[in-house]
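Some notes on one helix, its surroundings and one further residue follow. Please read them beside the coordinates.

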Amino acid sequence: MKNFLKVVSVVCAVSILIASLSFAPAVHADAAAPVTICIDAGHGGTNMGAQYNGRNEKDMTVVVANAMYSYLSNFEGINVVMTRTADAELSLQQRCDIAHAAGAQFIFCIHFNAIGDHSRYGCENWVSAFGDNCSKGLTFGNIETNALAQMGIVNRGVKTRLNSARNADYYGIIKHCDEYGIPSVIIEHCYVDNPIDYQFCATSDQLMKLGVVDATSVAQYYGLKSTKLGIDYSGYKKTIITPANGVQYPDYTAPDACSIAKASVDASHNSAVINVGAYDKQSRILYYAYSTDGGLTYSQKLVWSGTNANYVVPITVKLDGKQNCPVQFIVWNNFDEYTVSNMITVN
């Protein structure tokens, strides 16, 4: 049984405000030189985060973070520090200060997404765009997003975002952690305001499952093992991802191509098969939507099933009883840039 000790040294090393808060004890492993990580439950206090259907992101992130902490406590070779375990308000700098004071070698920031029109769904990770911290973020993020995708959550990718001058990371917690030399990742598990994703985060049990996925991804990344659980990831082969020339630039451009052509019409089923060609040489096509009224309205965003290598995909379109139907498509890449196709008439 591992000992659970209070993170006294962390609290003493940061500001008086932080010291007044209640933190979780660190999970202490039995290994001689364990890795130390920090779990950061996003938002808190007056910072509610995403809000939808009576739920607040600040509360959801604590459930996930605590479950992640609890599951990691079963593994040897790791110490875990928490920025918060209950409702408390912390600045981004204070969160990084806690990680730095504890000697954390990685900080995992727990979050959920939302968008005004409720049209997006899927998971994504945000990491530093620069150097070794970028490489570590991309490498972990690849494990994490693939694990979430195995649950059925659409994988929106591991991405970077830069400020308007494009010379520094956009997200404050990533930037502050970079100043300390600590790799970081913002784990956006899914969109709480979209019904496709809501099924993965609607209950505490589902949130705790996400925490276990996060913890498992950490254990795989570090090659940990748990005698208690009978799990051994020491032979886990992770793919090391490095940015070209030391910088991973985001994709600011729309998909390179989107064109459509009629393949066939099934009048008995009031539908048509449309061949859709879409391509993005810098990232990948993520969603598509179609219109049968000349672009006035569109279907919900649907998951693109093609690849960049074989990008012509036959898609069945419901014609809704319309004659001489004007059909048009939009495709989005995983940076949410979009391209509109040509328009064809289906009759």
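1. Helix H6 spans residues 172–180, and its buried residues are Gly172, Ile173, Ile174, His176 and Cys177. The model is a predicted one, which should be kept in mind for the points below.

2. The cover over the buried residues of H6 comes from several elements, including helix H4 (92–101) and the strands E3 (35–41), E7 (107–113), E8 (123–127) and E10 (184–191).

3. The packing of H4 against H6 can be described as follows. Their axes are 9 Å apart and form an angle of about 35 degrees, and the crossing of H4 past H6 is right-handed. On the H4 side the contact is made by Leu92, Gln93, Arg95, Cys96, Asp97 and His100; on the H6 side, by Gly172, Ile173, His176, Cys177, Glu179 and Tyr180. By class, the residues of this contact are five nonpolar, four polar and three charged. Among the H6 residues in the contact, Gly172, Ile173, His176 and Cys177 are also buried.

4. What follows H6? The next residue is Gly181, with a positive phi near 80 degrees.

5. A separate point concerns Thr145, a residue of helix H5 (residues 131–150). Is Thr145 buried or exposed? Its relative accessibility is 1%, and because buried means under 20%, Thr145 counts as buried. Leaving aside residues up to four places away in sequence, Thr145 touches Cys123, Glu124, Asn125, Asn155, Gly157 and Val158. Of these, Cys123, Glu124 and Asn125 fall in strand E8 (123–127), one of the strands that cover the buried residues of H6.

Technical notes
Residues numbered from 1 in each chain as written. Predicted model: local features only at pLDDT ≥ 70, side-chain atom pairs only at ≥ 80, totals over all residues. Heavy atoms only, no water. Buried < 20%, exposed > 50% of the residue type's maximum accessible area, 1.4 Å probe, protein only. Helix = DSSP H or I, 4+ residues; strand = E, 2+ residues; numbered from the N terminus. Contact = heavy atoms within 4.5 Å. Axes fitted to C-alpha atoms, helices over the stretch in contact; angles between N-to-C directions. Left-handed = near helix turned anticlockwise from the far one by under 90°. Nonpolar A, V, L, I, M, F, W, Y, C, P; charged D, E, K, R; others polar.
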